[in-house]
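Here are my notes for someone opening this one for the first time. Have a look at the model, then go through the points in order.

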Amino acid sequence: MCSSGVRSAILAAAACGFCWPNEGRPSAFIVEARTEAQMYQIRAYRDSDPDHPVLLPRRRIVQYLGVNGFELITGEDLGFETSMRVYADLGMQSGEAAKLDGVHSEAADLLYAYARFRTGPLEVQLGRQTYVDVMDYMAFDGLRVRYLSKLGLGAEAFGGLWVKGGMLLGTSVYQPDGTRESDKRRIALGAPNTNPELDDIEPVFGAKLLLENLGGVSAAAGYRKAWLGGKTDLERATGELRYGRGRGLNLTAGVDWDLIISHLAQVRALARWDEAKFAVSAEVIRTSPVLSSESIWYYFATAPRDELRLRGDYTPVGPFRYYLQGTLSQYHTNINSALGLATALRDQGLPNSLNGGGSAGAAYREGSFRSALDVAYRTGYGGRQLWVDLTGGYSPADNRYSLDGRFSVANVSDGFNPLLRGTFYGAQVWVSYLFAHAARGSVALEENINDFTRSDFKIFFLFDFRAIL
Amino acid sequence: MKRPGRIITWTAVASLFGAGLVLAASGRERSLAIFPAQVIPIRFNHAVHLEAGADCTTCHDSARKSTKAADRNLPKHPECEQCHDIKAAQRGRKVDPPATCEYCHPGFDPSVHRAPPPFEFPTPNLKFNHKVHVDRKVECTTCHGEMKAVTLGTRMQLPKMATCLECHDGSTASAVCTTCHLESPSGRLQLSFSSGVLRPMQGNPLGIDHGPRYEFNHGSRAKTDRLVCEQCHAESDCQRCHNSLQKPLSVHPNDYITLHPVQARADSPRCASCHRMQSFCAGCHERTGVGLNSDPSLRARNVKVHPDYEVWVNTLGPQHHGVAASRDINQCISCHREETCLACHSDFSRQINPHPDGFQQMCKSLASKNERPCLKCHTESTLVAKGCR
């Protein structure tokens, strides 16, 4: 803990850093803040029967704060970007979070905080940052360097510590799944089969060779490895390919190979043809669950899921556009043939593994008005569902306020849970008001009516602040 | 027809009718974010002028030296007076071509009004240098189209991005976004303008059209084309949904907490793109009493979400949980912890082998990389006995 004298000195130094007039002062600071509050109650199954549901209160508030600085040295692309989140669930009963792994009644997460420097073909980022590629979406504390020559050839490398839920100011969102985010609670309870390594630091390293826009072709070949408790937690190789030269054919494809179990973890390819008034696209995706090698499930279930999406967009001159999409997906089944259960796979009563469906919609935008209608239907494994979603909104030219509405109807029949069958209605009204140039407040009210929860009412409050200093 | 079916049908019909009501709106093609709406209270006919022998530079000569998008490059009275004898008309003389105020400024009566209705030509939210293009011999019609059939020139005669990209292909001219688009202080493209939000729409030539439901279809593009995404989006844009704690109102429709199981069964990879199953999903399911491995004080009492235990666990039939687990482990791990499976699938319990075919051949290699998960179910000696050590 700092003494008050030390704190004063730090504050004074920070203030001087911001105020001292010199050549190197930043050309821009951007401060962003968002407050999200939600008030409603959810139906719990525990200690309840369908006629006397137990309702658990949700009184959540989340505060985001982002501070960004750019061009810290005049003329140089040197800056920093940060985002922090503070969260409290005020509706959670005292001590309840302590019984639940992955649930926090209050938390503080540093979502990202990095310094960036770019000069010519070189880009360097240092700090907590996210990284997206065909493999997944991850966050790490460390260094990323990218070099891309004028010829379009380049390389990228990163290394650091994977961001995990158990670390200080960490979030578990990007942590490999399949295990508890931390086992501290169970270790304290003396539970059997605990996994203390889950709370170890997880070094991660990755590298990628890049080719950018050579005759419209871009490609990348990558490798990533992470270690947990001295053992390999993840080891992958990836390939990415893109082609596009303006209107006409655009292609993207990616493949993700799991080097631990020598298994295709993901492959996806998207082909799209664009013309002025229409576009058609076809997308195929094969995915397997991305799990930590610490998880037993990683060695149980390797059957992939396939998906095919076909979509057409019609964009005539005018405020309307239309789309039509068809989706076909299939879960594969991979049961050990030595098990008695394998014979059940030939049974006529096996649940359908195929899902089919589609959606159609129209969107309208003209001046201050906007509206959209979407109808989606899907049937197959897990049940049948029909969703109709109508939205509309109005914002005057000065953008001082906006008024939005949403009406949705869902007719569903869940394949497992007989309570989830019937028609569910929901309506939402969202009012937003610009208090000042940098501040906007919004209130959303939601009412849902159905045979399952009968009626429930939700309130959402949002406040956004963004200032460029 | 049953009552809910009728309600659904009428709701769909009413929704479609509601969308149809707005069909009468007028057309728009250019982005309002790039080219804000204009007010041009003047009568003018390009076709007539071109037919009479004028060319582009007769009225727009300043464009040849213009270096900024803010330059209007529009004719003023001196240019008009090359043909229209405005002074003679003001003295009451009848001239040809006509030159009265009212002829070009409809509704303007100088005896009543001090000035004609004002023009509104907001500066385009672009960087543009006419001089560079003229010096490179780019014809006016390349960007503005053929004007011989046009009366009043409007935003519709300003170029669309597809036209720009015919030359800005990375070799003939730069294809870097900020060559033309305005930057925010971060170096990314400025997306928000008083006239609208810049969003790739309507036949976008890069194939990145952010059309309806793009929030559900952007995955493949974002995973393989992040350098393009980074031109506009900061990490906070992605994290707004991909690290969400709260229900994002634009993604999940009304009452999604009640209805999400139906969608999750059909499309669990979509859930996993934002939620960690063993944290977000299992934690909430344990709190609400759905999850099995929660603290005893939170366990479910009266409601089950699976088929009967006998069918789900003990009967080797099509409804057995092994089929569901093999197909989509994400569904299992959104409620269960490893202990549920270890209760049967372990050397210390019923010793039921859940590994798929072919596992035996690679178990030694896997155990050498990380044997901790193996030891949750097996002992070191059983691993040796199975040839995995």
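1. Which residue takes a positive phi in the hairpin of β8(A) and β9(A)? A:Gly215 does, with a phi near 60°, and the hairpin has two residues between the strands. Strands here are DSSP runs of E, at least two residues, and helices are runs of H or I, at least four residues, numbered from the N terminus.

2. A word on what you are looking at: this is a predicted model, where local features need pLDDT of at least 70, side-chain atom pairs count only at pLDDT 80 or more, and totals for chains, interfaces and linings use all residues. Residues are numbered from 1 along each chain as its sequence is written, and chains are lettered from A and ligands numbered from 1 in the order in which they are written.

3. β8(A) (residues 203-214) and β9(A) (residues 217-228) run antiparallel, joined by nine bridges; strands count as paired if DSSP finds at least two bridges between them. A:Leu214 stands opposite A:Val217. β8(A) also pairs with β7(A) (residues 153-162), again antiparallel and over nine bridges, and there A:Ala155 faces A:Leu209.

4. Now the two chains together. In all, 156 residues of chain A are in contact with 117 residues of chain B (contact: C-beta atoms, placed from the backbone, within 7 Å). Strand β1 (residues 28-49) gives the largest share of chain A's side, 11 residues. By class that side has 64 nonpolar, 54 polar and 38 charged residues; Ala, Val, Leu, Ile, Met, Phe, Trp, Tyr, Cys and Pro count as nonpolar, Asp, Glu, Lys and Arg as charged, and the others, Gly among them, as polar.

5. Chain B has domain 1 (46-170), domain 2 (256-343) and domain 3 (356-389), with bounds from an automatic or database domain assignment. The centres of domains 1 and 2, over C-alpha atoms, are 67 Å apart.

6. Next, the largest nonpolar core, of 34 residues. Such a core is a set of buried Ala, Val, Leu, Ile, Met, Phe, Trp, Tyr and Cys residues joined through C-beta atoms within 7 Å, buried meaning that 20 or more other C-beta atoms lie within 10 Å of a residue's own. Those with the most contacts inside it include A:Trp297, A:Phe300 and B:Ile333. Where does the core lie relative to domain 2 and domain 3 of chain B? Both give residues to it, so it lies between them.

7. Leaving aside neighbours within four places in sequence, A:Trp297 is in contact with A:Gly178, A:Leu291, B:Ile329 and B:Ile333.

Key. Buried ≥ 20, exposed ≤ 12 C-beta atoms within 10 Å, placed from the backbone. Contact = placed C-beta atoms within 7 Å.
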